[in-house]
Amino acid sequence: MGSERDRGQWREPESKRCAGPEADPGADDPYPVPDAAAYLAGRWDVERTVRDLRTGAEGHFRGTAEFRPEGTGDALLHAEEGKLTWDGTVYPASRTLRLRPRPDGTAGVEFADGRPFHDLDLRTGRWTARHPCAEDRYEGSFAAVTADEWRLRWRVGGPAKDQLLCSVYRRRG
């Protein structure tokens, strides 16, 4: 069924949404976070579903994320490691980002090489980020759910990709 409009806002067709309320950032009331870096600091378990919307293929990532101080500055290194299962094959997977806290509780997120990625402001418990990557466009929806859980949904579209990535992060005890 094509696209829908809901109160002037874009809504994706059901087939392009995250499956289940556990992965949908809009499923719960937001949990306001006055300081993104303080909230994210520590270790998290990560579960992610990756869907290729062109082919219908789906993969799953399970692993950990750690937000830890980087050197002597304020920055936190965001390191993820785990395993991605795609088409019946298991691959090691990792990524590294950098979170640069700001005095107002927001943060800038950078790629490992220092290039800017997006801003992050969880003071209301929700944030939407956009990032152009060549001709593709990344749109991220962040939601803090509780003190120990947050969710991230990336919709990637363009000539090279048509993907939906839905992640749930749960603080490790």
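Predicted model: local features only at pLDDT ≥ 70, side-chain atom pairs only at ≥ 80, totals over all residues.
A pocket here is an open set of points on a 1 Å grid over the protein atoms alone, where a 1.4 Å probe fits, with protein on both sides within 12 Å along at least five of seven lines. I noted 21 lining residues (an atom within 4 Å of a point). Arg-48, Arg-95, Tyr-138, Lys-161 and Leu-165 lie nearest the centre. Strand β6 gives the most, four residues; strands are DSSP runs of E, at least two residues, numbered from the N terminus.

**Sources.** Residues are numbered from 1 along each chain. Local features need pLDDT of at least 70, side-chain atom pairs 80 or more, while totals for chains, interfaces and linings use all residues, and side-chain values use heavy atoms, without hydrogens and water.

**Salt bridges.** I counted a side-chain nitrogen of Lys or Arg within 4 Å of a carboxyl oxygen of Asp or Glu, and the total is 20.

Which residue pairs with Glu-80? I found Arg-48, with the closest N and O atoms 2.9 Å apart. Glu-80 is in β5 and Arg-48 in β3, so the bridge ties together parts 32 residues apart in sequence. Both are buried (under 20% relative accessible area; exposed is over 50%, partly exposed in between, with a 1.4 Å probe and protein chains only).

I also checked Arg-170 and Glu-47, which meet at 4.0 Å, N to O. Arg-170 is partly exposed at 33%, and Glu-47 is partly exposed at 36%.
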